[in-house]
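Here is a friendly tour of a few local features in this model. Please keep the structure open as you read.

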Amino acid sequence: MSVWLPTSPCTPEACAGHEGRTASVPHAVLRLTGAVALILLGILGAPPVRLLPAGPRHAVVRAWSAALVRAFGIRITVHGSPGRRGGRLLVANHISWLDIPLVAAVMPSRMLAKSDIRAWPVLGRLAGRAGTLFIERDRIRALPATVTTMTRALLAGDRVAVFPEGSTWCGRAQGTFRRAAFQSALDAKVPVQPVHLAYLRPDGSPAGAPAFVGDDPLTASLWRIARARGIRAEVTLLPRIPPGRHTDRRDLAAAAQRAVTDRACERTPRTALPGQTTGPSATDRDSAKRPAASVHHWVSSSPATASSLRTPS
C-alpha cells in the first residue's frame with residue numbers, strides 16, 4: 001500500500017445503508033441480469049462503436065450508459081449543458097462505481113482509472129475497449145507520464161474525466177481535490193468542467209445504497225443497489241473554468257473544488273462522518289484507505305435549469 005494515496009473516513013456500516021422501500025429478491029435478480037446483459041453487449045459492441053465518428057459514437061455511449069444506470073432502477077436527472085465540443089478536463093466528486101456510467105450517460109469521456117482494473121473480469125476488458133486511460137497508482141514516478149498521456153488526449157479533442165478526490169466518499173461530505181490531474185488541462189490549454197454527482201432519496205436527502213466506500217465488496221454493493229428503490233442520480237454540469245483563468249494547478253484545483261462543494265452545500269448541509277473532524281479533510285493526510293475500494297485513482301458556480309438526458313455530444 002502506497003503512503004501517498006488518499007483516504008476517506010466513510011465506511012459501509014456508517015454510510016452505505018439503505019432507508020426506504022426495497023425491491024423484492026426476484027426483482028433485484030432481474031435488475032442484475034439486465035445489467036450483466038448490457039455489460040456483455042458493451043464488450044461485444046465496443047470495437048465497432050469506436051470506429052464511428054464522434055457524434056454517433058457519443059450518442060451510442062450515452063444511450064448504453066444511461067441504460068446501465070437505469071437497469072439498477074436509478075432515474076437520472078441532468079442540470080446544465082455540456083456546451084460546445086472539444087477537449088476538456090471533467091472533474092467530479094466520487095461516490096460509487098456507478099459514477100462512471102453516470103458521467104458517460106451525460107458526457108462520454110475517456111476515464112482515468114487505476115491499472116488494477118485491467119485485470120478485472122469482464123469490466124476490465126470493457127474499460128480497456130472504451131479507451132480508458134490507466135494509471136499505476138502505487139507508483140508516484142509514473143504520474144508525470146500519465147499527465148502527459150492525458151494532455152495528448154485533451155489536445156486531440158477528447159474529454160478526459162477524473163475523480164480528483166482520489167477515493168470514494170458517501171456523498172454527505174467530500175475530500176480534497178488533488179491537483180496533479182489539473183496540470184494536463186494547463187498544459188493542453190483546455191477548460192475544466194466541474195461536475196457534481198449526487199444520489200438522492202425521494203425526499204431529496206443523500207441515498208446511502210450507491211456509496212461504494214471503505215472495504216465494501218463489489219458484490220455487496222451490487223446487491224444493495226439492486227434491492228434499493230426510489231433512488232435518483234443527479235448530475236450537475238457546472239460552469240466551465242476557461243483556460244488562462246488560473247495558471248497554477250493548485251489554484252485551478254481549488255477553484256474546481258469550490259464549485260463542486262458550493263453545489264453540494266446548496267443541496268444539503270455538510271455533515272460530519274464517523275472519524276471526520278472539522279479540520280483538514282482526510283485526503284490531506286498522506287495515508288491511504290484500501291486501494292481497491294475506489295474505482296479511480298483521482299482522479300463549482302450556480303446550478304443551471306434541469307434538463308433531460310438528451311444533451312449534445
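A polar atom of the Ser96 side chain lies 3.0 Å from the backbone nitrogen of Leu98, and the Ser96 side chain also reaches the backbone oxygen of Pro210 at 2.8 Å. A polar contact here is a pair of N or O atoms within 3.5 Å; within protein, one must be able to donate a hydrogen and the other to accept it, and residues adjacent in sequence count only if both atoms are side-chain atoms.

This is a predicted model: local features need pLDDT of at least 70, side-chain atom pairs count only at pLDDT 80 or more, and totals for chains, interfaces and linings use all residues. Residues are numbered from 1 along each chain as its sequence is written, and side-chain values use heavy atoms, leaving out hydrogens and water.

Ser96 sits in the loop between β2 (88–92) and α4 (99–106); helices (H or I, at least four residues) and strands (E, at least two) are DSSP runs, numbered from the N terminus. Leaving aside neighbours within four places in sequence, Ser96 is in contact (heavy atoms within 4.5 Å) with Thr168, Tyr199, Pro210 and Phe212.

The rings of Phe72 and Trp97 have centres 5.5 Å apart and planes at 70°, so the pair is edge-to-face.

Technical notes: Phe/Tyr/Trp six-rings, centres within 6.5 Å; stacked < 30°, edge-to-face > 60°.
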